[in-house]
Amino acid sequence: MAEERETAQRRADRVRAFREEIDALRAEGACPIADAELAAVRDHHDRLLADLASRFDVDRTAHGRQVSLGLRIATLLGAGAFVAALTLLVLRVWCGLGQPAQVTLLCAAPLAALAVVQVTAERRGLRDIAALFAMVALGTAWFAIGQTATLLGMPFSPLLFWPAAGFGIAVAMSYGFGLVLALSLGALLVAVASVFFVSGGVPWSAVFERLEPLVGTAWMLAIVAPRAEPLGNWLVAPARLTGLVVGLGGLLVLAAVEGTSVLALQPSSARLAYECVFPFVSIVVTWQRLRAHDPAAARLAGTLLGCFLLIRYVDWFWDLLPGWAFFLVLGALSLAAIGLLQRARSRVEHA
C-alpha cells in the first residue's frame, strides 16, 4: 500500500508540474498544443487526480503538500500527547491492580491502538489518523515492555530494545509509516551497538558515551538501505535517513565534544582526528546525495556541515576577534558557502 501510494503521489506531482509548465508556455505565447487538445488532456488529468485522491489520498496541489506537512507535525504531537495520557493513567491505577490485570492493561493499549490503525489505514481521508495511532501503538508498546520488565524484576537492558524495535518495524512495514520505521530502526541501532560494550563487560549505556559503535552501525544501515528495495521502495528513504542522522550526528558530536571516543588517544587528539574526518565525510555525502537526486539527505548533510563549521569558528575566533569582525567574517563565510553550493548544484544538474 505504501509503495502504491508513493507511486500515485509521484504521478500527481508530474501532473501538477505539467500543468504549471503549460500555463507558463501559454503565457509566453510558446505553447504548440491546441486549446481543444489541452482541454482533453486537462479533463483526463482531472479524472486521474480524482481517482488517485480517492484511492490513495494524494496531495493534488502544492498547497496540499504544505498542509500534509502540518498534518505530520500535528500527528507527531498528538501521538505524544496520547501516549503521555495513557502512560499517566496506567501509572495512576497501577498499584490498585493485581498482576494479571496489570499485564492485561499493558497489552490492551498497543493492541487497541493497532485496531484503530487497521480500521482507518485503508479508508479515504483517515490515513493521518492511522499514522497517529500507529505512533501511539509504538509508544505504548515501549511503555508496556519497560513496565513488564519492571514487573518481572528484570533490569533495564538493551535486550528490551529488540522486541520494541521488532514491533515497530512490523507495524511500519504492514501499513507503510515511515516515521514509525525510522524510530524503530533507531532503537535497533542502539541495540546492535550495545552488543559491542556488553560483550566486553562494559555497561550497555556506554553506547551513548562512546559513540563509535553506534556511528559505525548507523553507517552500515545507510549503506545497506538500498538493498531493502525489493521489500518496497518506500523503505529505502527512511532507512537511509535514519542511518545518516545517527551516523553524521554522531560524527559531529565526536568532532565537537572531547571524551566521547573509544580510540586509544588523548581526548583532544581524538577530537582533532574527527575534526578532520567530519568535513570530508559530510561533503562527500552531500555531493553523492545531490547526484542521486536525494535532496532530503543532501540538506541533512549540508546542515550538519554548517553546524560543524559554526562550532569550529566560534571555538577558534570568538576570543580573538572583536564582536563586529566576528559576525562580519561569519556573514562572508555564509556568502562563500552559498556560492559553493550553487556551483555544486549547477555541476550536478549538468552532469
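A: In this predicted model, helix α9 (residues 233-256) packs with helix α11 (residues 295-317) at an angle of about 10°. Their axes are 11 Å apart. That angle makes α9 roughly parallel to α11, because angles under 35 degrees count as roughly parallel.

Now the residues at this contact. From α9 come Leu241, Leu244, Val245, Leu248, Gly249, Leu252, Ala255 and Ala256. They meet Ala296, Ala297, Leu300, Ala301, Leu304, Cys307, Phe308, Ile311 and Arg312 in α11.

Take Arg312 from that list. Arg312 is buried, with a relative accessible area of 2%. Its salt-bridge partner is Glu275, and the closest N and O atoms are 3.5 Å apart. The pair links distant parts of the chain. Glu275 sits in helix α10, Arg312 in helix α11, and 37 residues separate them. Glu275 is buried too, at a relative accessible area of 14%. Both residues count as buried because their values, 14% for Glu275 and 2% for Arg312, fall under the 20% cut-off.

Next, the end of α9. Glu258 lies in the loop between α9 and α10 (267-291). The side chain of Glu258 meets that of Arg271 in a salt bridge, 3.8 Å from N to O. Arg271 belongs to helix α10, so this pair ties together parts that are 13 residues apart in sequence. Glu258 is partly exposed, with a relative accessible area of 44%. Arg271 counts as buried at 17% relative accessibility.

These pairs join up. Glu258, Arg271, Glu275 and Arg312 are linked in a network of salt bridges. Follow the network by location. Glu258 is in the loop between α9 and α10, and Arg271 is in α10. Glu275 is also placed in α10, while Arg312 is in α11. Arg312 is also one of the α11 residues that meet α9.

One more charged pair deserves a look. Asp294 and Arg289 form a salt bridge through their side chains, at 2.9 Å from N to O. Asp294 is buried, and so is Arg289. In total, the count comes to six salt bridges.

Now place this part in the whole. The chain has twelve helices and zero strands. Buried residues make up 38% of the 351 residues. Among contacts with a separation of 6 or more, 64% are between residues 24 or more positions apart. The accessible surface of the chain is about 19900 Å², and 67% of this belongs to carbon and sulfur atoms.

Two other spots give a contrast between inside and outside. On the inside, Val90 lies in helix α3 (residues 62-94). Val90 counts as buried, at 9% relative accessibility. Leaving aside residues up to four places away in sequence, Val90 touches Leu105, Leu106 and Phe143. Val90 and Leu105 are 15 residues apart in sequence, with 7.7 Å between their C-alpha atoms.

Leu159 sits in the loop between α5 (127-151) and α6 (161-175). Leu159 is exposed, with a relative accessible area of 61%.

How values were computed. Residues are numbered from 1 along each chain as its sequence is written. This is a predicted model: local features need pLDDT of at least 70, side-chain atom pairs count only at pLDDT 80 or more; totals for chains, interfaces and linings use all residues. Side-chain values use heavy atoms; hydrogens and water are left out. Helices (H or I, at least four residues) and strands (E, at least two) are DSSP runs, numbered from the N terminus. Buried means under 20% relative accessible area, exposed over 50%, partly exposed in between (1.4 Å probe, protein chains only). Axes are lines fitted to C-alpha atoms, for helices over the stretch in contact, and angles run from 0 to 180 degrees between N-to-C directions. Angles under 35 degrees count as roughly parallel, over 145 as roughly antiparallel, 65 to 115 as roughly perpendicular and the rest as oblique. Contact means heavy atoms within 4.5 Å. A salt bridge is a side-chain nitrogen of Lys or Arg within 4 Å of a carboxyl oxygen of Asp or Glu. Accessible areas come from the Shrake-Rupley method with a 1.4 Å probe; for residues, only the protein chains shown count as cover.
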